[in-house]
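Here is a short report on one protein model. Look at the sequence and the 3D view first, then read on.

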Amino acid sequence: DRLNNLVMDSGMPHAAEEYVVMANGLAIYFSQKTPLRDKSGKVVGVLGVSIDITERKKMEAALRRAKEAAEVANYAKTEFIAN
């Protein structure tokens, strides 16, 4: 995958959100990956830890939509009171 290749090529740890298409829909993971080196220092693999953040991302989107709706309602109320 892209993040593994980045770690292998750069030799540096990286973290990123990864989007994975699953049979039941899209899953979003936060992944941290670090290179594994042999005794000579050559990168020979990647060690990674991933956390499923799909539900958190859905909640963040719902909160954003609710905030936008509240701002629209507040603007309409202000306009109504002003008139």
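This is a predicted model: local features need pLDDT of at least 70, side-chain atom pairs count only at pLDDT 80 or more; totals for chains, interfaces and linings use all residues.

Nine bridges join β1 to β2, and the two strands run antiparallel. Strands pair if DSSP finds at least two bridges between them. Helices (H or I, at least four residues) and strands (E, at least two) are DSSP runs, numbered from the N terminus. β1 and β2 form a hairpin, with two residues between them. In this pair, Tyr19 stands opposite Ile28 in β2.

Residues are numbered from 1 along each chain as its sequence is written, and side-chain values use heavy atoms, with hydrogens and water left out.

The score pLDDT is the predictor's confidence in each residue, from 0 to 100. The mean pLDDT of the protein is 93, and 100% of its residues reach 70 or more. Confidence is lowest in strand β1 (residues 14-22), at a mean of 90. It is highest in strand β3 (residues 43-52), at 95.

Phe30 stands opposite Ile51 in β3. Thr34 has Leu47 in β3 as its bridge partner. Leu36 stands opposite Gly45 in β3.

Together, the three strands make an open sheet in the order β1-β2-β3, with antiparallel pairing. The edge strands are β1 and β3, since each pairs on one side only. Neighbouring strands of this sheet are turned by 35° against each other on average, direction ignored. Axes here are lines fitted to C-alpha atoms, for helices over the stretch in contact, and angles run from 0 to 180 degrees between N-to-C directions.

## Two helices

Helix α1 (residues 2-10) lies across β1, β2 and β3, running at about 150° to β1. Helix α2 (residues 54-82) packs on the sheet and touches β1, β2 and β3. The direction of α2 makes about 125° with that of β2.

## A closer look at Lys33

Lys33 is found in strand β2. Is Lys33 buried or exposed? At 12% relative accessibility, Lys33 counts as buried. Buried means under 20% relative accessible area, exposed over 50%, and partly exposed in between (1.4 Å probe, protein chains only).

The side chain of Lys33 makes a polar contact with the side chain of Asn4, at 2.9 Å. A polar contact is a pair of N or O atoms within 3.5 Å; within protein, one must be able to donate a hydrogen and the other to accept it, and residues adjacent in sequence count only if both atoms are side-chain atoms. Leaving aside its neighbours within four places in sequence, Lys33 is in contact (heavy atoms within 4.5 Å) with residues including Asp1, Leu3, Val7, Glu18 and Val46.

## The whole chain

The secondary structure comes to two helices and three strands. Along the sequence, the pattern is α-β-β-β-α. The radius of gyration is 22 Å, well over the 12 Å that the globule rule gives for 83 residues, so the protein is more spread out than a compact globule. That radius is taken over C-alpha atoms, and the rule is 2.2 Å times the number of residues to the power 0.38. Of the 83 residues, 18% count as buried.
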